[in-house]
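Colleague: I'd like to learn how to read a few features here. Shall we take them one by one?

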Amino acid sequence: MARLVMKFGGTSVGSVDRMKNVAAKVKREVEAGNQVAVVVSAMSGETNRLVDLCKQVDAVHDQREYDTVVAAGEQVTTGLVSMALQSAGVKARSWQGWQVPIRTNDMHGRARIAEIDGAAMLRDMAAGVVPVVAGFQGVGPGDRIATLGRGGSDTSAVALAAALQADRCDIYTDVDGVYTADPRIVKKARKLDKITYEEMLELASLGAKVLQTRSVEMAMNHRVRTQVLSSFADVAGTLVVDEEEIVEKQIVSGVTYSADEAKVTLIGVADRPGIAAGIFGPLSDAGINVDMIVQNISEDGKKTDMTFTMGRSDLDRAVGILEKQNLDWAKLVPDRNVVKVSVVGVGMRSHAGVAHIMFKALAEKNINIQAITTSEIKVSVLISADYTELAVRALHTAFGLDAE
C-alpha cells in the first residue's frame, strides 16, 4: 500500500464532467489499496474572476480581505469533488486550509507555509476516507485566511505530501509530462521519463510553466518524489527525483525561454566606486529583482555602459525609480523586445564546451547575444524576442535533443 497525494489543477476540475473524471482517477488508486489525499485548485477562470471583483471594489485593497475572496474558488471545488467521489462510491470529505491546519506567515497574497499538522487527516485516511484539500490557501496569524500566490496549489500539494510522508505527489495538469522544450514550438521535443529536482527548479525559474518554482524547491528540500502527468490521457508522466535515481545523465536536459523580460541600458555611466550600489539599491528597496547584469570595461577610466534585466511588468516602475536618482549617466534606454533563452542539465557539471555549442548554434542563425549568465547546470542568454522560436529550435537540435 502506498500513500499518495494527487493534485488537480484548474483545467482538470474546470467542469462537472472533468470533476467526475478526477473522481474516477482517485477511485482507481483507492481500489488499488492506496491511501489517497487530493489537492484541488479553483475551477479554471474562477480565480481571475474573483481577483477582478476585488479590483472593481478597490484597486488598492486590504490583502487580508483579498485572500478571503480569492480563496473561495478552491472551497467550492473541494465540496464538488468530494460529492463526485461520494457519488462514485468513495468515502470523502472536504478540508479547507484552516481545517487541516496549514499554518502560514502573515504575507497575505503570497504567504509561505510554516507548518502543516496532518494528524487528523491521517486518521481519516486510515479509516478509508479521502480528504479533498483546498490548494493555494492556509491560515495565517490571527486565524486569517492566507493565500500562497498564483500557482500555489502545486506548493500546497508538495507540502502536504511532505507532512503526510507520502510516497509520491502526483501533479495532474493539461500536459502529460516535462518535455525537452515547449512542444508547441519544437515539434521534435521529447517527453522525459525522469528529471532531477535541480533541473526542474532551473527550468521552472527560467520560464517553463509545468510546475510552480516554489513547489519544486519544496520537493527538493523534503525529497518528495513528484510526478507530472495528464488529467486527460492515461499515459506515463515525468518523475522529478534525486539525481542519484538517474543513471545516464544528459549534458542538456531541456531548452526553455522566458518572454517576461525587459532590459535597461545606462549609457555613459560614471565609472567610480558606489555607482552600482546607487543604481541597484533603490531597485532592491522597491522589490524589483534584477537578473542579468553586464558592465563594459571603461577605456578612459571615466565613463562606461551598464545593461541589466528585470521582469517586464517591473520596467516602467524601474525606469521611474532610476530617473529620480541623482546619478551620473548620459542616457537611459529601456527595451521590452527581449527574451531569455536557457539550456539546463546536470550533465554540465562534468562536460566542458556547453557555452561554446550554444553560442555557435546561435551564431549560425545570425542571432546576436546581448547578455549572458551561467550557473553550475545552466547557461542563459538574452536575445531579441524576434528570434525566440528560431533560437529554441536551433539549441534543441544542437544539443541532440530532437526526437527520432
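Colleague: Which residues lie nearest the centre of the second largest pocket?

Modeller: A pocket, on a 1 Å grid over the protein atoms alone, is an open set of points where a 1.4 Å probe fits, with protein on both sides within 12 Å along at least five of seven lines; lining residues have an atom within 4 Å of a point. Here 13 residues line the second largest pocket, and L192, K194, I246, E248 and Q250 lie nearest its centre. This is a predicted model: local features need pLDDT of at least 70, side-chain atom pairs count only at pLDDT 80 or more, and totals for chains, interfaces and linings use all residues. Residues are numbered from 1 along each chain as its sequence is written, and side-chain values use heavy atoms, without hydrogens and water.

Colleague: What is the order of the strands in the open sheet of eight?

Modeller: Strands of a sheet pair through backbone hydrogen bonds, either parallel or antiparallel. Strands are DSSP runs of E, at least two residues; helices are runs of H or I, at least four. Two strands pair if DSSP finds at least two bridges between them. The order here is β3-β6-β2-β1-β9-β11-β12-β10, with mixed pairing.

Colleague: In which sense do β11 and β12 pair?

Modeller: β11 (residues 226-230) and β12 (residues 238-241) pair in the antiparallel sense, over three bridges. Q227 stands opposite L239 in β12.

Colleague: Which residues of helix α9 are buried?

Modeller: Buried means under 20% relative accessible area (1.4 Å probe, protein chains only). In α9 (residues 275-285), these are I275, G278, I279, F280, P282 and L283. Just after α9, G287 takes a positive phi of about 75°.

Terms used:
Buried means under 20% relative accessible area, exposed over 50%, partly exposed in between (1.4 Å probe, protein chains only).
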